[in-house]
Amino acid sequence: METEGARTGRLGLLLDQFDHAREMAQVRLTGLSDEEYLWEPVPGCWSIRRRGEATTPRAFGPGEWVLDLGAPDIPASEYAEVARQSAGGMTAAKIADDWSVSVERVEQILAHTGEPEPDEAPVTTIAWRLGHLHFGFAGGWEWTFGERRQEPKLLVDFTPSAALALDRFWALIDRWRDSVAAVTDEQLDTVGFSQYPYGSHPDDPFIDVLSGANLEFIHHMAEIALLRDLRRARFTAQRG
């Protein structure tokens with residue numbers, strides 16, 4: 001139901017949030033060039049690269065271009081997420097499996113009481129952020145509404161073309177949104193309605209999964225918008 005243009009109910013609120021975020025993101029990404037898409041603001045960025053040129057040990061993708069992924073670890077910026085997972089009932093073994101680290105590493109983080117460690121999360125390009133979102137939503141759709149059998153890391157053919165990447169991404173996002181709009185109240189409350197293999201989806205009610213997907217979309221799109229602004233400001237200053 002809608003009241004004066006605004007949806008009511010749990011699903012309606014999440015759909016409205018997603019729709020507004022998508023609209024703003026599409027506006028902010030209009031005119032994205034290949035140079036912006038692949039721009040590396042600092043040395044050592046994570047990005048997409050040709051398979052033979054990948055510098056990270058777990059870069060993945062089904063085609064010629066792969067998405068950077070480093071050695072398994074949990075950076076300090078994610079300690080709060082590990083604590084949230086533990087507080088939500090996930091065992092150290094399950095958390096370790098989600099992050100591809102040892103149980104001992106998880107226990108070390110949960111027991112962490114000293115000063116925060118340096119944040120080792122890498123700086124990433126727009127191409128990386130968009131590719132990360134694309135593979136996450138592609139896998140989320142496959143393991144919720146699809147056949148629940150394909151490896152998420154093989155679902156997205158990464159490309160150095162910004163226009164092609166965006167065309168493919170928005171098509172996927174629209175498919176995700178259409179499928180979500182048909183979810184019932186019972187499915188919203190079903191634990192494990194999504195069986196996405198990376199993360200806690202199989203242990204969460206689907207409404208929690210949807211809320212997390214919205215936040216993932218919003219925060220990565222905000223970072224992409226900031227990268228565009230930084231690049232424009234840097235090159236404007238250089239020309240001046």
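# A tour of the helix contacts and cores

Begin with helix 3 (residues 79-87) and helix 4 (residues 92-99), whose axes are 10 Å apart and pack at an angle of about 140°. That angle makes helix 3 oblique to helix 4. This is a predicted model, so treat each stop as a feature of a prediction.

Stay on this pair. The crossing of helix 3 past helix 4 is right-handed. Select Glu81, Val82, Gln85 and Ser86 on helix 3, then Ile95, Asp98 and Trp99 on helix 4; these residues make the contact. Color them by class, and the contact of helix 3 with helix 4 shows three nonpolar, two polar and two charged residues.

**Next stop: helix 1 and helix 7**

Select residues 10-29 for helix 1 and residues 162-181 for helix 7. Their axes come within 11 Å and cross at roughly 170°. Helix 1 and helix 7 are therefore roughly antiparallel to each other.

Now show the side chains. From helix 1, pick Leu11, Leu15, Phe18, Asp19, Arg22, Ala25, Gln26 and Leu29. They meet Leu166, Trp170, Ile173, Asp174, Trp176, Arg177, Val180 and Ala181 in helix 7. What classes of residue make up the contact of helix 1 with helix 7? There are 11 nonpolar, one polar and four charged residues.

**Next stop: helix 6 against helix 7**

The axes of helix 6 and helix 7 come within 10 Å and cross at roughly 35°. Helix 6 passes helix 7 in a left-handed crossing.

On the helix 6 side, select Leu130, Leu133, His134, Phe137, Ala138, Gly140 and Trp141. Their partners in helix 7 include Ala165, Leu166, Arg168, Phe169, Leu172 and Trp176. By class, the contact of helix 6 with helix 7 has 11 nonpolar, three polar and two charged residues.

Zoom in on His134, which lies in helix 6. Is His134 buried or exposed? His134 is buried, with a relative accessible area of 11%. Leaving aside residues up to four places away in sequence, His134 touches Val156, Arg168, Phe169 and Leu172.

**Next stop: the loop**

Move to Asp157, in the loop between helix 6 and helix 7. Asp157 is partly exposed, with a relative accessible area of 40%. Select Pro62, Gly63 and Arg168 too: Asp157 touches these, not counting residues up to four places away in sequence. Arg168 is also on the contact list of His134.

Then draw a distance from the C-alpha atom of Asp157 to that of Asp204. The two are 47 residues apart along the chain and separated by 29 Å.

**Last stop: the cores**

In soluble globular proteins, nonpolar side chains tend to be buried together. Here, the largest nonpolar core has 50 residues. Which members touch the most others? They are Tyr37, Phe137, Trp170, Trp176, Phe217 and Met221.

Center on Met221. Met221 touches Ala25, Leu29, Leu130, Leu133, Phe169 and Trp170, again not counting residues up to four places away in sequence.

Finish with another core, which lies apart from the largest one and has 10 residues. Among them are Ile74, Tyr79, Ile95 and Ala96. Ile95 brings you back to where the tour began, in the contact of helix 3 with helix 4.

Key:
Residues are numbered from 1 along each chain as its sequence is written. This is a predicted model: local features need pLDDT of at least 70, side-chain atom pairs count only at pLDDT 80 or more; totals for chains, interfaces and linings use all residues. Side-chain values use heavy atoms; hydrogens and water are left out. A nonpolar core is a set of buried Ala, Val, Leu, Ile, Met, Phe, Trp, Tyr and Cys residues joined through side-chain atoms within 4.5 Å. Buried means under 20% relative accessible area, exposed over 50%, partly exposed in between (1.4 Å probe, protein chains only). Helices (H or I, at least four residues) and strands (E, at least two) are DSSP runs, numbered from the N terminus. Contact means heavy atoms within 4.5 Å. Axes are lines fitted to C-alpha atoms, for helices over the stretch in contact, and angles run from 0 to 180 degrees between N-to-C directions. Angles under 35 degrees count as roughly parallel, over 145 as roughly antiparallel, 65 to 115 as roughly perpendicular and the rest as oblique. Ala, Val, Leu, Ile, Met, Phe, Trp, Tyr, Cys and Pro count as nonpolar, Asp, Glu, Lys and Arg as charged, and the others, Gly among them, as polar. A crossing is left-handed if the near helix is turned anticlockwise from the far one by less than a right angle, and right-handed if clockwise.
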